[in-house]
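Let's take a walk through this one, stopping at a handful of residues along the way. Keep the viewer open and follow along.

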Amino acid sequence: MKNQVGKVAVVGAGVMGAQIAAHLANAQYSVCLLDIAPTGLAPEERSKGLTLSHPQVRNRIVTKGLESARRSKPPAFFLPECAQLIRLGNLEDDLSWLAEVDWIIEAVSENFEIKVNLLRQIDKVRKGGTIVSSNTSGIPIKRLSAGLSQDFRSHWLGTHFFNPPRYMKLLEIIPTDETLPLVVETIAEIGDQRLGKGIVFAKDTPNFIANRIGTFGLQFGIQVMLEDGYSIDEVDEFTGPLTGRPKSATFRTLDIVGIDTFVHVTKNIYQNAPADEHRELFRVPEFIEQMVQRKWLGDKTGQGFYKKVGKDILTLDLSTMEYGPRKKGKYTSLEMAKTIEDVGERLKTIIKETDRAGSFIWKTLSEVLIYSANRIPEISDDIINIDNGMKWGFNWELGPFETWDALGAETVALRIEREGRAIPELVRKVLATSEKAFYFRRRGTLTYFDLKATEYKEVPRPSGILFLSSLKDQGKVIKKNSGASLIDLGDGVACVEFHSKMNSIGGDTLQMIQEGLKLTQESFEGLVIGNQGQNFSVGANLMLILLEAQDQNWEEIDAMIRSFQKTNMSIKYAEKPVVVAPFGMCLGGGCEVSLHASDRQAAAETYMGLVELGVGLIPAGGGTKEMLLRSQLWARRDPEEDLFPHLRRAFETIALGKVSGSALDAGSLGFLRDSDGISMNRDRLIQDAKEKVLTLVRQNYRKPLPPSNIVALGSKGLASLKLGIHLMYRAGYISEYDSFLATKLAYILCGGDCNTPQLVSEQDILDLERDAFLSLCGQRKTLERIQHMLQKGKPLRN
């Protein structure tokens, strides 16, 4: 039986500790957050006449930590109200609280003596069976627990979160040889299902997995930069999204992480990994030591490798240690790769070239591939944990061994050998197989090469996760077109999967939804609409709308809107349950599809909104109608039964293009309902949505009846909304064209041309949506906004 965890304590309210506590609160845990009591009064405390015994003073440090988490960007909390689940205390007065919790997370500064002294205190007060873990980024876990009680050591392990804890998927779990297996299982399950993390099991070696390989890659890149005369701007251009790395690339990443943190992590490897073949590489470069001395630590001090001056971002010139304008170069290899969608093919193209970019990328990438292969079995027994660690902890698009395969393991090995470098033993064993790859699919099942067994084994999948790619490999695709597929999820549930570019919604997507609904009615119990791309959907295909509008094909646009409205109404009134599974960006048309579902199963990180006014349009797939219906529901729950405040709330949500910061926030905006589910781990979303369909089936789902009591407030409501619009315009918050668009929206929400409040139908509102959309497609400023969005990726205020 796994340990039951109801309450959690976090000790240490620094950046990581406070944000770990915040994410535990996001997961609805009751959390105690503790830190030391101050030893002296702050000037403002002294001026107020406070003493060291005053509660406000005693908890000053922990309070400051929580306030920092509240103000953090991006937000640490799903909703500000989540912070109410955190109880603040200090280690002198409130240490006894630790006897009340089931899991204690140590997150104090990366100092061995400080951690050991704290753990001794914890061991004295914790109740037997309480799990204790450390968030250390690299200090040996077993060494920290030496001399503590047997019960402590058997419930002790490392839990290394990555910064920021809410957003970074990776959670490294580091057990010792004394940790009970049930303790490891409990924390892995909580990390996966409650905290939404990707779990990587690491050995208790210096810096574990992700920081060991990531730090090597950073240090080797710096070495090549210094030896071959590259600039910071060049390196960041070479190590960004074009090569499958995050936008922050190399030096922007270091500024975000903190250069002092990077120094600490690097020194930890140098001191604790004496047998590492590249140990000398982990000496901190002199120019970085200078930056630390000058307090040029990155974002936390306002300057590091980059510095913002006014609106300009300046780059550090290492030859002068002064900041100057950023410089962007032109490189044949990168230009050739820009049009290639697949990251593996892009890398192949780049490393074939011998220009400055191609040479740098081959030299650094190949060395990382060699280093990673040499770390097995030192830091992990398998390639899967290493690949996942780098993808989830450093936001690499491909892990090291996936990169070997993408480039062709044999091709890479031959080139390395020609250059006089040694081929790792693991690579030699892989090349001795007939597959000559680290991974390959066998009858639809993904397998990996296991060094210990020297054979291929099935890649383990956690229970409760459905991968659409695996179902496709197993021949479960029923129908497919360029924009979407219909897939059999099993147990009588089908799934419409979007797979157009950015999962934008066009005619092919709508066609597949209609076919999915038809087939579900004939042969399935219910339908899921979802996918496993980067985002659920960014909305309708704006390029198609722009082209038709420029050609004045009004009948074609009218047909497109009618088709979208018909599809969404078919979703809403389907005989069998339809569950939409939004995640990531769910904007515009994507949001409209979601609003019409029987139920929604949303990922915790869902950014949902009706943003059409930003491109000069109106939500016309039924989104405006659905927000009007929600306002009516809110009013019926209001003891005052006054519709207008709730109508204004719906109007402002659409007019201001409000986008939720989380699934919980989507609920507060009205996009999600109380009956909708939230999946903390996006990987579980499709399976959870399938289970929601089956639950609705077991509950004898009946389609909703069309509402017969939609109240349109008419001219009185419209006048009130128009007054608010005018005041916003006069105050300079919106442009004249924004005012024009908002008035169009208000006209729809108030039922159109009616003088007094009256009852209207859903079709009445859909017709108003469609008329407004068509009229706006003929407006020059709307077309300018659409063009700007397509070119720049952000709204134009004209």
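Buried, here, means under 20% relative accessible area, while exposed means over 50%, with partly exposed in between. Keep in mind too that this is a predicted model.

C754 has a relative accessible area of 7%, so C754 is buried. C750 is buried as well, because its relative accessible area is 1%. How many disulfides does a search of the whole structure find? The count is zero. C750, for its part, is in no disulfide, and its nearest cysteine sulfur, the one in C754, sits 7.8 Å away. Seen from C754, the closest cysteine sulfur is that of C750, and 7.8 Å is too far for a bond. The cut-off behind that reasoning is 2.5 Å between the two sulfur atoms.

Next, jump to S485, which belongs to strand 16, spanning residues 484-490. Is S485 buried or exposed? Its relative accessibility is 1%, so S485 counts as buried. The side chain of S485 has a polar partner there: a contact of 2.7 Å links it to the side chain of H499. H499 also turns up among the residues that S485 touches once neighbours within four places in sequence are set aside; the others are K479, K480, C495, V496, E497 and M512.

Now for the charged pairs. Across the whole structure, a search turns up 55 salt bridges. One of them pairs K328 with E237, with 3.6 Å between the closest N and O atoms. K328 is in the loop between strand 11 (322-325) and helix 14 (332-337), whereas E237 is in helix 10, so this pair ties together parts that are 91 residues apart in sequence. K328 is exposed, because its relative accessible area is 71%.

Compare that with K429 and E425, whose closest N and O atoms are 3.2 Å apart in their salt bridge. Both residues are in helix 20, four residues apart, or about one turn of the helix. K429 comes out at 31% relative accessibility and therefore counts as partly exposed. Some salt bridges also share partners, and in that way R212, D276, E277, R375 and E378 are joined into one network. Another pair to look at is R283 with E280, where the closest N and O atoms are 2.5 Å apart. R283 is partly exposed, with a relative accessible area of 48%, and E280 counts as partly exposed at 48% too.

If you like checking backbone torsions, there are some to look up. Which peptide bonds are cis? The one from K73 to P74 is, with omega near 0°. P74 lies in the loop that runs between helix 4 (60-71) and strand 3 (86-90). The bond from N163 to P164 is also cis, again with omega near 0°, and P164 is placed in the loop between strand 6 (156-161) and strand 7 (170-175).

A249 is not a glycine, yet its phi is positive, at about 50°. You'll find A249 in the loop between helix 10 (232-238) and helix 11 (251-257), and A249 is buried, with a relative accessible area of 10%. K436 is another residue other than glycine with a positive phi, near 55°. K436 is in the loop between helix 20 (425-431) and strand 12 (439-442).

M543, L547 and L790 make a nonpolar patch of about 250 Å². M543 is part of helix 23, residues 542-550, and at 39% relative accessibility M543 counts as partly exposed. Then look at Q787 in helix 33, which covers residues 780-792. Q787 counts as partly exposed, because its relative accessibility is 30%. Which residues does Q787 contact, leaving aside neighbours within four places in sequence? They are L546 and Q550.

Technical notes:
Residues are numbered from 1 along each chain as its sequence is written. This is a predicted model: local features need pLDDT of at least 70, side-chain atom pairs count only at pLDDT 80 or more; totals for chains, interfaces and linings use all residues. Side-chain values use heavy atoms; hydrogens and water are left out. Helices (H or I, at least four residues) and strands (E, at least two) are DSSP runs, numbered from the N terminus. Buried means under 20% relative accessible area, exposed over 50%, partly exposed in between (1.4 Å probe, protein chains only). A polar contact is a pair of N or O atoms within 3.5 Å; within protein, one must be able to donate a hydrogen and the other to accept it, and residues adjacent in sequence count only if both atoms are side-chain atoms. Contact means heavy atoms within 4.5 Å. Patches are made of residues with over 30% relative accessible area and no salt bridge: like charges are joined within 9 Å, nonpolar side chains (Val, Leu, Ile, Met, Phe, Trp, Tyr) within 5 Å. Accessible areas come from the Shrake-Rupley method with a 1.4 Å probe; for residues, only the protein chains shown count as cover. A salt bridge is a side-chain nitrogen of Lys or Arg within 4 Å of a carboxyl oxygen of Asp or Glu.
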